[in-house]
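Thanks for making the time this morning. I would like to walk through one model with you and keep to what can be computed from its atoms.

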Amino acid sequence: MKKLISALPAIFMLIFGTTQAQFTLTGEVNARSEFRNGFKKPIEESLDPAFFTEQRTRLYANYKTTEYEIRIALQDVRMWGADGIVDKTYGGSFGIAEAWARYYMSNKLSVKFGRQIISYDNQRMFGGLEWAMQGLRHDAALLLYEDSLGLKIHVGLAYNQNPVTEGEPIRLSGTYYPSFTGNGPYHATGNYKHMEFAYLNKKFEAGTVSAYLINDARQYGLEDSVANRQTYGLMGMKKLGNLKLNAEAFYQGGKVGFNNLSAYMFSLSATVKSSVTPLIIGYDHLSGQELNSNKNTVFAPLFGTNHAFYGFMDYFYVGNGNSNSGLQDLYLKTKFKLGKGALLGHVHYYMTASTIYESDGINEASASLGTELDLVYVQPLGSAGTFKMGYSQMFDTNSMDLIKGTSNSKTLNNWAWVQLIIKPKFI
């Protein structure tokens, strides 16, 4: 077996007829155990905490020449105990995490198509969501222009369709594709019907600027109706000595379902570097539903890694819409060396971005939602391993219970986890 693996590069070169090719084969075993006692929403007194271990296993194969590049990543995601120790049934989720090809028409222009990660900048709007074991992928085609002067222009599109169903060996008609699974024979959850985007990024000596134009269309209702939502945005970063300033602004228009949309978000942050640790202070504002408005005014982060922005306990924008109340997030972040590793610390203070009411529906409730503390310790293990350990605690208010729909919640809401990742390069 060892001889076969060592011979794989030569076999690929023989098949594809070039000695300029680069072939790599990488594995990943990633397991995380979690104790959830109020994760995503306050836990009620009548409920017990959850504890489990989830594992991701991947095999990455990359093949690259001066003319083209191919990447295939196989993935298995499972919960420990999903399969019996002597059971023939299979409780995991095995499939293709990535399967794409990129053809270089020149040293600046290329086309990339297949199942792939689309990730830009800080992953606010497009990200790989690698914190989640399954990740976030798109079946899409991209045209990419990248030059040596720091200019990137990417244009992408995707069109999603259901697979053929039982009794329909080939697809001859119909394009209906609901955005959620429901009770029908549709297997995809939360997908758009189609998506188009343009991304521009320019690097300067002391900063960067990015522009986004995104259209995503979702089907709604019982008819073959499609609502198109447009997202326009700008991001900028500027370095001033030991100070780094970041600013972002996005606007959403178009439609969501039957309703017209007009929503926005902005983010401001400053990073100060010192000899001990960087210190980041920032503020994010995502609009919520405005009273007496005949439009939908709720901003929705699209395909980003929301876990990285709005608190590690995932109370906001991770599998939920925050009860349409929007969000104001004032945060302080830092990171410093500790032993052989590093300790990361975040503090968030949350408020709603629109008016909410008490349970009586008459009296206005406080905008304050609470404070979250996140601590993560990271230590490398040799050349291919990483150990992580985290603890988070939410000091929530009565308003948090209102927007999350909980009652009789526990005073203490916390989350703890440990994670071990081994990612060796075989070839």
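What we have here is a predicted model, in which local features need pLDDT of at least 70 and side-chain atom pairs count only at pLDDT 80 or more, whereas totals for chains, interfaces and linings use all residues. Residues are numbered from 1 along each chain as its sequence is written, and side-chain values use heavy atoms, with hydrogens and water left out.

On confidence, the mean pLDDT of the protein is 90, and 90% of its residues reach 70 or more, pLDDT being the predictor's confidence in each residue on a scale from 0 to 100. One stretch to treat with care is residues 181–185, where pLDDT stays under 50 and the model has five contacts beyond four places in sequence; a contact here means heavy atoms within 4.5 Å.

Of the 427 residues, 43% are buried, where buried means under 20% relative accessible area, exposed means over 50%, and partly exposed lies in between, with a 1.4 Å probe and protein chains only. Among contacts with a separation of 6 or more, 57% come from residues 24 or more positions apart.

Now to the rings. The structure holds 19 aromatic pairs, counted for rings of Phe, Tyr and Trp (its six-membered ring) with centres within 6.5 Å, and called stacked if the planes are under 30 degrees apart, edge-to-face if over 60, and tilted for the rest. One of them joins Trp-131 and Trp-417, whose ring centres are 5.0 Å apart with planes at 70°, so this pair is edge-to-face. The two partners are 286 residues apart, with Trp-131 in the loop between strands E5 and E6 and Trp-417 in strand E19. Trp-417 counts as buried because its relative accessibility is 5%.

A second pair, Tyr-192 with Phe-303, has centres 5.5 Å apart and planes at 70°, and is therefore edge-to-face. It also links distant parts of the chain, 111 residues apart, with Tyr-192 in the loop between E7 and E8 and Phe-303 in the loop between E14 and E15. Tyr-192 is buried at 6%, and Phe-303 is buried at 7%. Both belong to one aromatic cluster, whose members also include Tyr-120, Phe-126 and Phe-250.

Which residue places its charged end over the ring of Phe-309? That is Arg-124, at 4.1 Å from the ring centre, the criterion being NZ of Lys or CZ of Arg within 6 Å of the centre and within 35 degrees of the ring normal.

Let me close with two residues. His-194 is found in strand E8, residues 194–204, and is buried, with a relative accessible area of 18%. Its side chain makes a polar contact of 2.8 Å with that of Glu-196, a polar contact being a pair of N or O atoms within 3.5 Å, where within protein one must be able to donate a hydrogen and the other to accept it, and residues adjacent in sequence count only if both atoms are side-chain atoms.

Arg-115, in strand E5, is partly exposed at 29% relative accessibility. A polar contact of 3.0 Å joins its side chain to that of Asp-139.

Terms used. Helices (H or I, at least four residues) and strands (E, at least two) are DSSP runs, numbered from the N terminus.
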